[in-house]
Amino acid sequence: VELVDNEGKPTVAGKGNPSQKRDAKNEKSGKKAPPQDPELEKYGIYAESAPTPERGEAVETTLPLKLEKGDRIALVGNTLLDRGGQFGFFESMLYQTYPELELMIRNFAWSADEVDLQPRPDNFATVTQHLTRQKIDVIFAAFGYNESFGGEEKIDEFKDRLRAYLEDIKTSAFNGEAGPRLVLISPVANENTEKVAAADMNNYRIALYVKAMEEVAAEQKVGFANVFAPTRTAMDDPDTQLTINGAHMTADGYKVYAEQLYSEMFQQSPPDLNEAIRE
């Protein structure tokens, strides 16, 4: 393709026409390629070769959640938990409350994941393969927000999708013995900001999906943590702004969310945060 300037004269990309910038991703830097270490291969986990879980007996999960020594905990789901890894409030609260349990926490959340729509790069191991590799005992799963954009007419379909997901996960013996203890986490609320009235546009619909999640969780005998209602109350405060864009939370927003999640999950007040542990 020949690039031309405003007068129709040929021009080189990035010169004479600032709107035509060269794409440097395929340019050679002149630097040596990093050395390849074959020892690292053993740490790879690939869809073609990673194991999948055997079937196991489902475990009923009730709240307050009881954790056991050596529990291996996985966070799965959408952006709520994916971005939460940047802040670490909830994870810190777990380690502060249960130092003697020697918990292991792994975050496998992936932005935009839905209960049955979790695309990955070619040959990237599935979430269930990662859970099997890590021998997971406890799963915290955050879904419902992306699905809520389907509207009221998609609620029954969402409940069917969620039901199928839970039936599969809770009978997967990731730890080699039995199905995991499982707690569903609702979406947080949206917030009105100066630039977008996200709460006005979305909260009514999100609330319907939260109710649907609660119903399916009760039916499937898994735990359910409703963080929508308390974050909605917090976001209604005109003196605070807990999101960057109406949907994705700031550090202050994640602190509020983590406190509410902890209270829902363990039915007790969260500990005073130890910043040294969070760091």
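Reader: Among contacts in the chain between residues at least 6 apart in sequence, what percentage join residues at least 24 apart?

Author: In this predicted model, 78% of the contacts between residues at least 6 apart in sequence join residues at least 24 apart. The chain holds nine helices and seven strands, and 44% of its 279 residues count as buried.

Reader: Which residues of the largest nonpolar core touch the most other members?

Author: The general idea is that in soluble globular proteins, nonpolar side chains tend to be buried together. Here the largest nonpolar core has 67 residues, of which Ile139, Phe140 and Tyr257 touch the most other members. If residues up to four places away in sequence are left out, tyrosine 257 touches Leu80, Leu81, Ile185, Val188, Val227, Thr231 and Met249.

Reader: How should I read a strand such as E4, and are its residues buried or exposed?

Author: The general idea is that in a regular strand the side chains alternate between the two faces of the sheet. In strand E4 (138-142), both faces are covered, with Val138, Phe140 and Ala142 buried on one side and Ile139 and Ala141 buried on the other. Because five of the five residues of E4 are buried, the strand is largely enclosed by the rest of the structure.

Reader: Which strands pair with E4, and in what sense?

Author: Strand E2 (residues 72-77) pairs with E4 in the parallel sense over five bridges, and E4 and E6 also pair in the parallel sense over five bridges.

Reader: Turning to helix H8, what span should its 16 residues have?

Author: At 1.5 Å a residue, the 16 residues of H8 (residues 251-266) should span 22 Å, and the end C-alpha atoms are 22 Å apart, which agrees with that expectation. The buried residues of H8 are Gly253, Tyr254, Tyr257, Ala258, Leu261, Tyr262, Met265 and Phe266. They cover an arc of only 160° around the axis, which means that they lie on the same side of H8.

Reader: What covers the buried residues of H8?

Author: The covering elements include helix H1 (79-84), helix H2 (89-97) and helix H7 (228-235), together with strands E4, E6 (181-185) and E7 (223-225). Helix H2 can be read from its own side as well: its residues Phe89, Phe90, Glu91, Ser92, Met93 and Leu94 are buried, and the buried residues of H2 pack against E2, H1, strand E3 (104-107), E4, H8 and helix H9 (275-278). Just after H8, glutamine 267 takes a positive phi of about 50°.

Reader: Which residues is leucine 131 in contact with, leaving aside its neighbours within four places in sequence?

Author: Leucine 131, which also lies in helix H3, is in contact with Ala74, Val76, Phe108, Ile136, Ile139 and Phe174. Leucine 131 is buried, with a relative accessible area of 1%.

Note on methods:
Residues numbered from 1 in each chain as written. Predicted model: local features only at pLDDT ≥ 70, side-chain atom pairs only at ≥ 80, totals over all residues. Heavy atoms only, no water. Helix = DSSP H or I, 4+ residues; strand = E, 2+ residues; numbered from the N terminus. Expected span 1.5 Å × (residues − 1). Buried < 20%, exposed > 50% of the residue type's maximum accessible area, 1.4 Å probe, protein only. Arc of directions from axis to C-beta. Contact = heavy atoms within 4.5 Å. Core = buried A, V, L, I, M, F, W, Y, C linked by side-chain atoms within 4.5 Å. Pairing = 2+ DSSP bridges.
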